[in-house]
Structures are given as structure tokens and as C-alpha cells.
Amino acid sequence: MRRSIRGGLAIATSLALFAATAGCGGDGSGSGSGDAVPGITDTEIVVGTHMPLTGPASAGYSTIAPATKAYFDYVNANGGVHGRKITYKIMDDGYNPANTQQVVRQLVLQDRVFAILNGLGTPTHTGVLDFLKSNRVPDLFVASGSRSWDQPDKYPGTFGFNVDYTVEGKILASYVRENLAGRKVCHFGQDDDFGRDSLAGVERILGAAAIGAKQTYVTSNTNVAPQIGAFKAAGCQVVILATVPGFTALSIGTGARLGFKPQWLVSNVGADYPTLAKQLGAAAPLLEGVIGVNYLPMNNDTANPWIQLFTKINQEHNGAAPFDGNTVYGMSVGYLFVQVLLAAGRDLTREAVTAAVEKGGYQGPGLAPLRFSATDHSGYGGERLTRVSGGVQQYFGPTYETDEGEGPVREYTGAPVPPPANGIPTAN
Amino acid sequence: MRAGALPVAPPESDGGPARTSERGGADRPTGPRGSTLLRHLVVVLVAAAALLAASYLLDPFRNFQLATVAAYLCATAGLTVLIGLNGQLSLGHGALMATGAYTVALSQNALADRGMTGSWLLPLSLGAAVLTTIAVGAVIGVAAARLRGPYLAGVTLAVAVVVPALTVTFDGIFNGEQGLSVYLEPPPAALGPYFPYERWQLWIAGTATLLALLLVANLVRSRYGRNFRAVRDDEIAARLAGIHVARTQVIAFVLSAATAGLGGGLLAVLAQSVSPGAFSLTLSLFLLMAVVLGGLGSLAGAVWGAAVLVLLPELSHHLTEQLSLSPAVAQRLAGNLPLAIFGITLIVVMIAAPGGVQGLLSRLARTRPVRAGLRSLRRPTRRSRQTRT
């Protein structure tokens, strides 16, 4: 009989442990009985995010959320938003959808965050869309260019930030049509919505028949020699890459090894020069002449007032971490969020924030317009081409904008606005 | 963990006369067969009542965590039986969970595409998941029965690597690394419009897991369970006693595969999506570490292991939050600390309590020493020792 007592004791202890931890959780949510809106008090706004801080996708991406947090720290040090300080809870999901489920639930149900901001990744974030919707949590500025975020009817609280991968594909392809006409064009994409949406955009401009060869890769297999070899065999002269940074570097490196040197055109998410140069190491000169796209100020453009502002914040609040495109991205997200909070007014509610985003009209570091409206939840609507020349990545040509449908690719002539003097947006 | 909240001990300790711990099985083979089933049934009913109460007492996030523990418990229970009782090592149980999860996803989506709705669909899909993993487990089990030690580890390791890769090779069906989303019905309307979804998930996972545990516990105390142990302790002696060693090993592997498949299916239900990233080699290794941490000898150890899998990452997150670190250091620690803590815990447990958490508890309760746990860890010593009362 002693065995059964022992066994019973084990179960009792395990359940008691759970009850105890639950007790802690209960305390946390119970204390906020005074506030009607989760995550909002008179002095604080709590928002959360999920990011790959570890794992295969963390290279480059792991610095985004800390940069956003640094911008919030800067705003907090200058009085916050309507007297409230922003607390940013960053959770690591390792780019694993199962972990994303866990950490987003923890943020929403236990930490009672006001909103999820800039959650990163197409497969990871897709899994929590329904959960966030059923809990009416604003799902702001998802860090991915999948068109899934732009479904106002189905997911009224979800908004994108990045340029759609289809829009991007159209802009890259129209550059090819204007400047590289007559050459054989090929496409190399990630084997998910990223690569597929990009290919769709490219084909919309050039026509499906014009693509000489199409190949895909998966991030779990780091040998791209078969695909690059197939491009070489097909005689490709221009290769459009819808790749994450690691695979941009891998493709260009593998091409050089096989003696294959086409004109590379790279998607925004995989075109940040400092990130790529770090990955390629001594082979960084291979990046010479690579064409990319971007819609935020270039991190090396020290004359740009936004870059001056962000560099200062990076020094003061981010431990002087390496300053690259991801840092600029993270701080731009922070700036837009503060703009939206101010527009939502002093009586902050989830409905007010969603309505404020849909009202649109935000201008910040971006070169292209943000397209938010009641019927459009996608983020930036255009991009400008970049080229690496002499080891420096620089913009050239005009900014283009287009839609994800049949619309033409046209120049966007609006001028970028400078940041406010103190670097913090004001309510208008 | 606040001490004040501790006395909330559920009415569990004196609920059942015996528990799912099957370790006593060898000691008491003489008990009337019917009463073993009855005892287990009582325990399961008490546990079900405790779970039901917990689902109302706990907040939604804890409900979700408890549901995740239940899903992992399916897999760790099967793995405990395989390693602790039958002495076969598997590094591939994460892949078997993936098999179950993808079966649930494909089956749920296929049924929904044909316009079939209703809450009876999910048990159907979970059943299909179990059947599929039984088939896969049988194939691996047949190979495993011919292999020992490092060779067995090698084969199961290959399974852990190959299965996620299949989802990429046949991306027309499995949608590559992006994976599939799982179609799920909302909780039945009868429960009311504001019934928390997490409570519903706990009910699903809890019911499935308790049923699986009941079956496993009974099996383990039956003739099969004794055969498992006999094969583990000394294959030659077992053969002399008329036990078909290979068949017994295959049965043990299939059993643990079936539970892993159910666990994977439940994870798919909880995450509402499946992707190869969720079932990487790391998961297989974590499962192995979890059952060692929990205590290899008993199903109670599997409970601890599953709880550790869910709670440890959260614990380490709280730990990093408590420490005030510079941004650079915090960034470095953020994702790596859970791994470090897992590793350190494993080392400490192996040194201080070789029988795992459950072994330690048994010792603390001043009952008999952790012989079973120790024995299963030292399995290859081939000392067929007599279990005594």
C-alpha cells in the first residue's frame, strides 16, 4: 500500500505545484481590476511581440525587437505618450510555430498586453491570427510581407508593415523590363508564401513564359548548389532572389564557386548589406553590383536626419549595438506605433487604436507611402532600388509604388519628411 | 512560486487506492486482474475530476499550459515505457509526434473540405493519427528489434531527421516548411458563446491523455508489461522463459509510437497549425531529456517530464526578467538560457537524483529506494535482479 501512497503523493504535489503557479498568475491579473482595457494604466502601456532570438532565422532578425524597445525607452525618457510609459515584452519563439502559440498566449492571457506589435514570421504568425482575433487583440504591423495580413474582413485587427512580396516582385521585374531587356531572367524563391508571392509579382510584369528557370529552397537544407547549377545550365543572366539573408549570401557564394555570375536582384528582407557582408566574410566583394530594394532610410546614409536620430538612440538606449538595416527597421516600427498611439487619443482603447491605424495618413522614415485604410491593411506600398557599389549600398532611381493586383508600377513623387526636432511624433 | 498558495492540494492523494505507477506491477502479479483495471479506472476518474475542477479554477493561459502538458505527457509516457521498461532507446519520437500531427491536420482539413462538420470529427482524426503512427512505429520497431545500443540510436536519429525532411520533399501535400493550418470547430454551442477556448482545449487534451494513460497503465501491468521488463533485464533469460524477444520489442515500440502519435495530434490541435519546425530533432532530444529528468521507471516520472518541458522555458524567461542586464547581454541570454538551464538541470539531477524527480520524491517520502529508476538507467549491466516485495 505504501506504493500507492507514494504515487498519490506525486500526483498531489504536481497538481499543487500547478495550483501554486496558477496562484501567481491569478494575482497578476486580479490586481488590474481597476482598468477596463488590458495593458493600459494611467502610467503604462504594455505591448508584446514574438521574435526569433535564437534558431536558424535569428541572424539579423534578433536585433529588430531590441531596436524597437530602444526607441520606446527613448520616448519614455522624454515623458512617454500622454504621460504613459511603453513597456515592450519581447518573447523568443525560435521561429517555431508551436512556441509562438505558447508565448503569444502568455503575452495576451497572462501578461495582459494591450496589443501584439511587429510579430515576426509568416508561418509563425499565421498560427496566432485566429487566437488574436477571438481575443480582440490589435495585431499591429506584422513583420513579414505575406498578403495574409491584409484581410480586413476576416482579421479586422491585423495590419502589415513590410511591402507585400508581390508588390516587391512587380517592382523588381519592372526594373528588369526597363534596364535588362533581352536577358534571360530566372527566379529563386523560398518554398512558402514568401517565394510564391514574389514569383507571382514577377510573372505579373514579365509574363510566366519569360521566366527561364524557377527554383526553390527550404531553410533546413543549406545546399543550394543543385538550384544554382540548374540556373547556370539554363543560361540565366538575371536571377531574382526571394531569399532570407542567409540564403542570399549562400546563393551568391555558391554562384561564384560554380563560376556563375548573373545580375542578382534581391528581395528587401534579404538585401541588407551589413548583414550579408558579415555572412560572406572575406567573400563580401562578391556583393558588388547586387541590386536590392528598400523603403526605409539606408543605414549608412549619415546625412539623413532619421539615421542621425536613430544612431543617437542606438548609442543611448541600445548599448551601441551594430547599426544596420534591422536597427532602422525596428526603430521605424516603434516610431509608427507611437504615432498611432497619439492618434488614438488619451482614452486609449483597443478599438481606438485599430480605428487610428485605419484612419491612415502616417508619415515617417519611409520613402514610400503607408497604405492603411478601412479596406487596406497592408503596410508600405512601394520601394526604391539599391545597388552595392564600392562596398557601399546606395539608393538609385525613383521610388516606385504599385498594388498587388494588375495595377501599373509607377513613380512615387512624394518627398520624405524629416523627423520632428526631438525625434518624437506629436499628436495632430 | 509563492508559498502561500501551496496548500491548495486537490483531493487526490487519498482518492485512489493505487496510482498509475506500474512499478508495483512486478511486485504484485498476484492481484486479481479485474481489480487492477478498477484501481486504474478510479485513479483516472479522480484525475479527470481534478482536471475538470482545475479547468474552471485556472485562468485560460494555465489551462493552455496544462493542455500542453497533457499532450507532451502522451509522448513521454510512451517513451518511459519504451526506455524505462523495455530498454530500447529512441531519438526519433519527435518525428513520430510529427506523423500524428500531420495526420490530424490532413484529416481535419480533408473532412472540412468535404463539408463535414461536427464535434465527432476530432476524435476521428485523432484516431487516424494513432493508427498512422502505429503503422510507422511497426516499421521502425521491426528494424529496432534487430538493433542494439548505438545502432538503435542511429536508426531512430535518422527517423527524427528524415520525417521532417519528407514534409519538404512532398510540399504539395505538406506545404513545405510553412506547414499546414488545422481546421478546428469552435467549442459546442451548448457550452455558451463565451466559453474559453483554452478550457475546451484542455478538455480535449485531458480526455485523450487520460484514456491513453489508462490503456498504457493496464498494459504495463499485464503479461505484456512483465515481458517488457523481462526482455529489458536479460534477453537470454527472457528467451529461455519462452518470451518472443523481438515481438515483445516491436510491441513496446508500437505502443510508444501510438502514444507519441496521439500526443503529436493533440499538439496540432493546440497550436492549430503543424510545421516541420515544431518537430525538429531538438524536440526528440528534449523528450528524452524530459523522461530522464522525470524518472525513467514510472509513469509518474513521465508526468514530471512533461511538466518540466512546459514550465522550464517559462521559468527561465522569468529569471531573465528578474536580472537587470545590459541590452546586449540580455539579448544574448534571451533564447539560450532555457537550453542552459535544461542542461544544468539534467546534470544536477543525474548527480543528485539518478532516479529523476520521481525517484527523489520516492526517497523523500521515505519509502523504498529508487531501485527501478536506477535499474532502468543501468540497464546494460544485464543483472537480472529479482524484484522483491
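Predicted model: local features only at pLDDT ≥ 70, side-chain atom pairs only at ≥ 80, totals over all residues.
Trainee: Why is H3(A) described as largely enclosed by the rest of the structure?

Mentor: Buried means under 20% relative accessible area. In H3(A), 11 of the 14 residues are buried, so the helix is largely enclosed. Among them are A:Ile64, A:Ala67, A:Tyr71, A:Phe72 and A:Val75. Just after H3(A), A:Gly79 has a positive phi of about 105 degrees.

Trainee: Which residues have the most contacts inside the largest nonpolar core?

Mentor: They are A:Tyr71 and A:Phe141, in a core of 110 residues. Helix H13 (residues 325-344) of chain A gives the most to this core, with 12 residues. Apart from it lies another core of 87 residues, including B:Ala98 and B:Val310.

Trainee: What does A:Phe141 touch?

Mentor: Leaving out residues up to four places away in sequence, the contacts of A:Phe141 include A:Leu117, A:Phe159, A:Phe161, A:Leu336, A:Val340 and A:Phe372. Ring pairs also link A:Phe141 into a cluster with A:Phe159, A:Phe161, A:Tyr295, A:Tyr329, A:Phe372 and A:Tyr380.

Trainee: How many aromatic pairs are found over all chains?

Mentor: There are 23.

Trainee: Why is the pair of B:Tyr102 and B:Phe174 called edge-to-face?

Mentor: Ring centres must lie within 6.5 Å to pair, and planes over 60 degrees apart count as edge-to-face. The centres of B:Tyr102 and B:Phe174 are 5.3 Å apart and their planes stand at 85 degrees, so the pair is edge-to-face. B:Tyr102 belongs to helix H3 (residues 93-113) of chain B and B:Phe174 to helix H6 (residues 171-174) of chain B, so the pair ties together parts 72 residues apart in sequence. Both B:Tyr102 and B:Phe174 are buried.

Trainee: What makes A:Arg105 count as lying over the face of A:Phe131?

Mentor: The distance cut-off is within 6 Å of the ring centre, and there is also an angle limit of within 35 degrees of the ring normal. A:Arg105 lies over the face of A:Phe131 at 4.4 Å from the ring centre. In chain B, B:Arg199 lies over the face of B:Phe195, at 5.4 Å from the ring centre.

Trainee: How do you know that A:Cys186 and A:Cys236 form a disulfide?

Mentor: The sulfur atoms must be within 2.5 Å, and here the S to S distance is 2.0 Å. The structure holds one disulfide over all chains. A:Cys186 lies in strand E6 (residues 185-190) of chain A and A:Cys236 in the loop between helix H9 (225-234) and strand E8 (238-242) of chain A, so the link ties together parts 50 residues apart in sequence. The angle about the S-S bond is -85 degrees, and the link is left-handed.

Trainee: Are these two cysteines, A:Cys186 and A:Cys236, buried or exposed?

Mentor: With a cut-off of under 20%, A:Cys186 counts as buried because its relative accessibility is 0%. A:Cys236 is buried too, since its relative accessible area is 6%.

Trainee: How do the ends of helix H10 (residues 245-257) of chain A compare with the expected span?

Mentor: The 13 residues of H10(A) reach 18 Å from first C-alpha to last, close to the 18 Å expected at 1.5 Å a residue. Its buried residues include A:Pro245, A:Phe247 and A:Ile252. Just after H10(A), A:Gly259 takes a positive phi of about 70 degrees.

Key: Residues numbered from 1 in each chain as written. Chains lettered and ligands numbered in written order. Heavy atoms only, no water. Helix = DSSP H or I, 4+ residues; strand = E, 2+ residues; numbered from the N terminus. Expected span 1.5 Å × (residues − 1). Buried < 20%, exposed > 50% of the residue type's maximum accessible area, 1.4 Å probe, protein only. Core = buried A, V, L, I, M, F, W, Y, C linked by side-chain atoms within 4.5 Å. Contact = heavy atoms within 4.5 Å. Phe/Tyr/Trp six-rings, centres within 6.5 Å; stacked < 30°, edge-to-face > 60°.
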